[in-house]
Amino acid sequence: MKSRQERLIALAMVAPSLVLLAIFVYGFIGQTIYVSMSDWGRGAALALDPDISFIGLDNFKDLFTGFLDVRFRQDMVNMVALSILFVGGCLVVGLVLATLLDQGVRGEGFFRTVFLFPMSLSFIVTGTIWRWMLQPRGGINVLPTLVGLPRIEFAWLTSREQIGRWNWQDVPTLLGLLLAVVFFVLAARWWLAGARRRAAAGGVLAAAALVWAFTAATKIEVLPFPEYHGFNLALIGIVLAGVWQMSGYTMALFLAGLRGIPDEVREAARVDGASWWQLYRHVELPLLKPIIWSAVIILGHIALKAFDLIFVMAGPDNAATSVPAISMYLTAFRGNQFAKGAAIAVVLLTLVSVLIVPYLVSTLRSREEN
Amino acid sequence: MSARKVRWTRVWIYVVLVLAAVLYLLPLYMTVATSLKAPADIRLDTAWEFPRALHWDSYRTAWQQFSPQLRNSFVLAITATVLSTVMGSMNGYVFSKWRFRGSEIIFPLVLFGMFIPYQSILIPLFQFLRSTGLYGGLPGLILVHVVYGLPITTLIFRNFYAQIPDDLLESATLDGAGFFGIYGRIVLPLSVPGFVVTVIWQFTQIWNEFLWAVTLTRPAAQPITVALANLAGGQAVQWNLPMAGSILAAIPTVLIYIFLGRYFIRGLLAGSLKG
Amino acid sequence: MARVVLENVSKHFGDVIAVNNANLVIEDQEFVVLVGPSGCGKSTLLRMVAGLEEPTSGNIYIGDRLVNDVPPKDRDIAMVFQNYALYPHMNVYDNMAFGLKLRRFAKDEIDRRVREAAAILGIENLLHRKPRQLSGGQRQRVAVGRAIVREPAAFLMDEPLSNLDAKLRVQMRAELSQLHDRLKTTTIYVTHDQVEAMTMGDRIVVLKDGVIQQVGAPLEIYENPENVFVGGFIGSPAMNFMNGVLKRDGDDYIVDLQAFRLKVPEEKVQKHPKIKEYVDKPVVFGIRPEDIADAQLLPEEERRQVVTAQVAVTEPMGSEVYVHFEAGEHRFIGRLDAATAARAGQSHPVVFDLAKMHLFDAATEKAIR
């Protein structure tokens, strides 16, 4: 039996790690939240004991509605666009590669090594290489000329083009619409599952959100004048490099998942009459779903935190490719506006937590059950 | 399904795979080709041509220019890897075999530490290092890497030790082994693969890290990633040098990957809580 | 409904010959059990019938149709797998309906068949559960149900009961037999368990090292094993074998086992005159444990050719006792009446029921007939 004394020894052995993590993770997060609600950064910011006073949520209000913080808002838009494209790209490429490799091909080890080796590189190395690949008058752009095609005329990282522009003043309306869509989808699913009363409730909420979006939401004054944001084409280059580096990871995940499906199940499906495509569509893909979700979460949180790659590919000062992770660095460590930097960091932490906390809880719980 | 149709499907599979492999290797080719050219030969329109004469000077220059940073990176990565791995092994042992009251709640709290955006602790960390005099040097950076490496090393070891049957430990207890006896005589000898996975993962992560390196070090203590970013980030770059530098910076982790890829992938899967 | 025919079927995996020139006819509505130790090729044989493995040579017919190049889905067979192979993401209903949906059956026809199969198997109340919410026995039933709804020409079952606990296995054994009586679908059943083979099969096919050793009705195989392997594999505890030499003494034929000698009954010699050719040749003498009796418990007139052997171990089973004997170089087990006075460490007299003895050629291990 484990004696009381030995249990105390065990506890003593993890205590240093736990204390360090308590301070360095939770203590520091607490401090960052406090700083984000202060005015640190006006005046002698770098003094060892700077003069700081509490100003509540003003920094956050500034970030989302302040006239001066237009760059942060475009950064948020960039971050969302980058995340969607990066995650989507990695999923599609990884799934295709894993599916092909799962067909029992010769030289599978070689292909796997090739697709996965960029994972072992640092984002800095990847960024440096792709910065060279994406030079407007060289690299990828001249690749078509090798087979006699015309050169690609796209400035990649230095492009200033923006598409899909919309007004930041419409944010409340857009949020309302998003909410309406979510409720509507939920209602439809409940309806199909036969939960009529829930479906009705979902429908009512969707309608309410819709009405709100076009009435009260339009009255909320976010900014005194219109401010347009859109998708910066310069991000495509970042996505390309990111997918090159990380799609091997999704490939490895999916391949492990496909290999985890027992041969018997596939054989059962073949005896049941499934063609290759039906087997893939009705058996393999549904069984991969949990892995696809965890890939979305892991890649999504990597995309939200993207810093190194953008920093070295486009430089931290390139507004067209900037994201909150970068502007936090610039604001706090170049501009010495620690409070505002902290506020950006808190926004970032909140977004990552929304993604990670449910994932962490559900993954650990399902593991305990097994 | 006729045999002919099957054969054509297989041909297409190989065509797509080979094409994808070529695309994945293109940047590597470009890097090697550029690094072996003389600066005067590097022109955008001939970027894809392999150099006619191999020009190794870029490597000599890069080596001279980067050797202090490479040394910093090695000191940093090796020290921080060893410390965080040893601590992670002990933590994993306790969290898997010596669960205490509340350990089910504390464990996810520990894991959360590896997912946070480090910007959210950067300002207090910066202040803390300044106030303790650790700011700007390697010891401070090592401390940071050890602490924030603890969640993943703890996780890998906990999952690894969870596979050791409890019977084994109970039998050792009956033989008179205590907390350290079990660890030293049973758990540790069985953990070699766990150590390999963790060491490889930590070394790669720390070697490749950039955010702390750029915010928490003074030039004398900068690791290779910062030096490379500074070189490549400047205007009017001579591309042969950053390319040679990239290869120097990539060699340690790529070698690890090529020779110990199996363990590298296990670390990768563990990082997404799937290992 | 169909008969299944294997013609000179072989399967090689590289240098390994998994199935060697198998010939077998399985009649319509028959329940045939393929039995043998692991690695004997029985699963490979079944998988070739299913179309999951391609025979290296030979022909396979299902319902008189040559199916060598027909993919599994078009062979009109259904299979029950050892680990059930239920689709983890589908509930019980969808698991059973999947094969029918792929074949584009009408919705109400699917529903009718699934509910009917569920009723037969007593799993109507589980239709909306996922496989992981089911016990082993329930999963087993779903796997069978998935095969039933297809109403195929033949059922193929690959060790379907080996993952169940002993008690459930006995129950499911009976249920599967009942099911076959009811549906009359041709069934090929693979198992390593000779008890399943004996109790379930209309006929048994015994395999070893990829070669069919014997095909026959259970009792026929039990009473007349073709060779030492079949004799030893079917029956528990296994048949006792002792090496000896056949001698002739006047008109009598004697098995000389060194420690003792036994006279071969005249009826045996008449029935199998080949025995006469083995005089002075090495033979293997086989006797089943239940054909060994405690001499002390027999009436006086049956105490003939008494053999006294040393008792090594006794294993009381309640109704009877398994007694391990040693005599000279021979060791053998007898299933004696519980009243026996045999005690470990003592010697004890026994009588062999020689009408039921077996003689095998020592070189070929084949029964001498």
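## Where chain C meets chain A

In this predicted model, chain C and chain A touch through 17 residues of chain C and 14 residues of chain A. On the chain C side, β6 (77-80) and α2 (92-102) each bring in at least two of the touching residues. Sort that side of chain C by class and you get 12 nonpolar, 3 polar and 2 charged residues.

## Where chain A meets chain B

Chain A also has a contact with chain B, and here 81 residues of chain A pair up with 73 residues of chain B. Which helix gives the largest share of chain A's side? That's helix α1 (residues 4-36) of chain A, with 18 residues. As for the make-up of the side of chain A that touches chain B, 59 residues are nonpolar, 16 are polar and 6 are charged.

## A look at chain A itself

Chain A is built with 14 helices and 2 strands. Its C-alpha atoms fill a box of roughly 75 × 75 × 55 Å along the principal axes. Chain A has 370 residues, and 43% of them count as buried.

Technical notes
Residues numbered from 1 in each chain as written. Chains lettered and ligands numbered in written order. Predicted model: local features only at pLDDT ≥ 70, side-chain atom pairs only at ≥ 80, totals over all residues. Contact = placed C-beta atoms within 7 Å. Helix = DSSP H or I, 4+ residues; strand = E, 2+ residues; numbered from the N terminus. Nonpolar A, V, L, I, M, F, W, Y, C, P; charged D, E, K, R; others polar. Buried ≥ 20, exposed ≤ 12 C-beta atoms within 10 Å, placed from the backbone.
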